[in-house]
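Have the sequence and the 3D view ready to follow along.

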Amino acid sequence: MAEPGAGTAAEPGQGRTEEPGDGCTEEPEGPRGRWTAERRRLRVPGGLWLVLPLLLVPLPCAGQSRLPSPARLRVQAVNTNFSLSWEHGGSARGVTFSAQFQWPELKETGWQELPGCQAVAGTGCDISSAISEYYDYHYVRVRAQAGPLLSPWSEVLEMVPEHVAQIGPPGLELQSTNGVVKVMVSPPEANQKTKMWINDLSFKYNLVFWENSSHAQLQSKTIFPVDTVDDLAPDSTYCFKVQANLPSEGKQGLFSPVSCVKTSQKVNDLLCATNVSVQALNMKFHLLWDAQENQGVNYNVQYLLGFWKKLNDDYSDKWLSVPRCENITSTSCNLSSVITTTGFFYLRVQAREGHNKSCFSREVKVDPLKTNEIGPPGVRLDLSDSLLHIIISPPGGAEEEVMRDHYHLSYRILYWKNSSDMEEEAKQKEVKQTIATVSDVSPSTLYCVKVQAFSEPYNKSSAYSNQECIHTPAGTSLPLIIFGVFTGALLFVLLVATPLVLLLYQAYNKIKYVFFPSCQPPMNIEGFGALPFSTPYLSAAEESVENCCVIESMVTEEGNQIVFADYKHSKQSSRDSGNYSNDDNTSGSKGSKDTLEKEMV
Amino acid sequence: MNTFGLIQIGLILSSTTIISSLQCNHLPLQQRKVIENSLRLLDKMGKEFPQQCLREKMSFRFPAQVLQPRQKEAVEVAIEEIFQHIFYIFSKNLTLAAWDGTVLDQFQNGLYLQIEQLEACVIEKHTQHCRSKDVSRLKLKKYFQKIDCFLKDKQHDLCSWEISRAEMRKCLQLIDKVTRKLKN
């Protein structure tokens, strides 16, 4: 930020050790920085400290007196009219003031001359032409000039135009009809090209009115740009004034000029519908009203989307007829086709008789989710083992999804034992799902249940459902169950398990016996297993063919048949057989077998 | 500060909390529903973004930092401001946009409902002296001023409207994200 030369150089009258510099040592720290005029102090030798106080006192006889800088700068604004003002303590004669401003968002840096505030005589000036960006930080400073004398620059004032600006007065028009006053407010900068308050729909208008009498009591009401004030005394003069406010910015606007009007006589038209009300259950909306006259009156129900009232224009042409409620004679109307869940609605009933007479009823405002009542849910009970199941069907029928979605429904379950002798307190359970289970039910008892749906966010609850009761079966006691299980197990063991075990044991034994026999054959039959069956032992005495008495003992396979054959016979036979048997085992054995058989026979 | 002063402050704070919780419990739930609905209606009111308008697309640079969830109330105030501006933008000179009037009306109606609720529940109690909120508000005003000027310069023709609609959709999607985060 360049230090303007005029700041320090063009101050010849100063000639002091203390130089009030500004901006020499600091730069603006961006939009949020604060400029402070720092006084730069020169280091002075110790001895001069005694002399300094004398120098500071303005000597009356000195030719050059110090011109103080302006102080307490203030910017005030109404809408886009900005005015800068300050205070100056110096002599009033011939003193003019000049101002400079700076606006960091601008490409050119440095202090600029403030248009409309150069060499002004008074302590204020209009700076509206210089301010164009209402949301940016601006910096302003002023100094005084008296002839060649220039005061130092004042402290820099930092400001945001939009913060400083006040809301100007709105326009007000009044119309007195039929005992009510129609109020039409136009926003503060209605026809201006450049506006401070671009969003003129965000204003909230505060109407203040009073009866023009001695004991005037001020009444205050928040109104829409086009609105009506009723409940006024007929044939009296009322005075009104309105201000535009921005509550979100904490701004209260200036009041409009006061305007007065006389109310007319209220004509009590018997044609009009009265007691107009909305009833809603499970998102089914109905409008109901009373008829004052019974004969020949046709009704026409109209609705208006809430936001039209927020706009500055007249909304009388924005009313729409509710389908199937045009030219009806009944005093009720089903509104469900026009009411949606997001948004306000206004409703009115037009009563018509013939072609000429028509009367609009009062308007009724509907906030659908707040006006709607939640109906009771359905309840069904089920038993399994020792558990009681409570099955809840959500309220709403066809609209149940809409309701569940918007209300975040939960259910409150009341259940109690319904016995004639004992009075037991009902227990309560809250659930978010549509199924609940009660586990501690006693057998052979009558349990009764009723359920209520509620919405925690909207603080709404439905009526309780019908009472449903169920009788729990006779309880199976635990010891019986244990005994039953035991008996079953026992039978299983006896009938199935034991024979199976025995069977397995027998099989095991058989296998063991066959493949791993425990008894050994006697020692004198050793090696028996090696010779085949077909070659029985024969006596070694076969080789000697002498006729001598030799007792032959033949051992056959059986082992215990020892045949003592007659010597002769056997010899002969055996001789032959012996020869044979010595050479050829097979034939020999056959032969010997035959002889043996013969002998035996 | 003596004990009595502390007690007073405690009572005031607790009473405002109680009052707000009685009337305004439904606000977070309703806000989510309104935003969901608004996004759906914003898509429904017109057709796809026209190809010929791609050339004219410009970046408005929404100040997303105003929605950083530092403090719940500051964010709610910013959201209220945004809804007010969107409501204002969509309130006039829409003939050249050729959108579905019924859908547009419902869109506006939803925004208006939420603005009223936020004003009743949040604005009334929020202290007006927070400097930090002022900076957010200024940034938002500048952003919406840019869009307003853009529409005026193009005389509210079809392309300028379509570009603005796309920009508002981005805005609402950001708010949707923040609203869900705030709830959790």
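By class, the lining of the largest pocket splits into 18 nonpolar, ten polar and 16 charged residues; here Ala, Val, Leu, Ile, Met, Phe, Trp, Tyr, Cys and Pro count as nonpolar, Asp, Glu, Lys and Arg as charged, and the others, Gly among them, as polar. This is a predicted model, with local features needing pLDDT of at least 70 and side-chain atom pairs pLDDT 80 or more, while totals for chains, interfaces and linings use all residues; side-chain values use heavy atoms, without hydrogens and water. Residues are numbered from 1 along each chain as its sequence is written, and chains are lettered from A and ligands numbered from 1 in the order in which they are written.

Back to that pocket. A pocket is an open set of points on a 1 Å grid over the protein atoms alone, with protein on both sides within 12 Å along at least five of seven lines; a cavity is a set where a 1.4 Å probe fits but cannot get out, and lining residues have an atom within 4 Å of a point. Grid points are joined across faces, edges and corners, and a volume is the space filled by probe spheres set on the points.

Domain 2 (167–262) and domain 3 (274–371) of chain A each give at least three residues to the pocket lining, the domain bounds coming from an automatic or database domain assignment. Strand 12 (204–211) and strand 23 (345–353) of chain A are among the elements that supply at least two lining residues each, and so is helix 4 (101–123) of chain B. Helices (H or I, at least four residues) and strands (E, at least two) are DSSP runs, numbered from the N terminus.

The search of the whole structure also turns up seven cavities of 30 Å³ or more. In the largest cavity, helix 3 (72–89) and helix 5 (131–153) of chain B each supply at least two lining residues, and the lining counts eight nonpolar, six polar and six charged residues. Here are the two spaces together.

| Space | Volume | Lining | Nearest the centre |
|---|---|---|---|
| Largest pocket | about 1,400 Å³ | 44 residues | Thr228(A), Asp230(A), Ser361(A), Arg362(A), Glu363(A) |
| Largest cavity | about 230 Å³ | 20 residues | Ile198(A), Asn199(A), Glu81(B), His85(B), Lys141(B) |

Now for the sheets. In chain A, three strands make an open antiparallel sheet in the order 26-27-30. Strand 26 (378–384) and strand 30 (435–438) are its edges, each with a single partner strand, so one side of each has no neighbour in the sheet. From one strand to the next, the twist averages 20°, with axes taken as lines fitted to C-alpha atoms (for helices over the stretch in contact) and angles running from 0 to 180 degrees between N-to-C directions. Seven bridges join strand 26 to strand 27 (residues 387–393) of chain A, and two strands pair if DSSP finds at least two bridges between them. Val379(A) sits opposite Ile392(A) in strand 27.

Another open antiparallel sheet of three strands in chain A has the order 18-19-22. Its twist averages 15° from one strand to the next. Strand 19 (residues 284–290) is held to strand 22 by three bridges, with His286(A) partnering Asn334(A).

Strand 1 and strand 2 of chain A form a hairpin with two residues between them, and Asn79(A) in the turn has a positive phi of about 55°.
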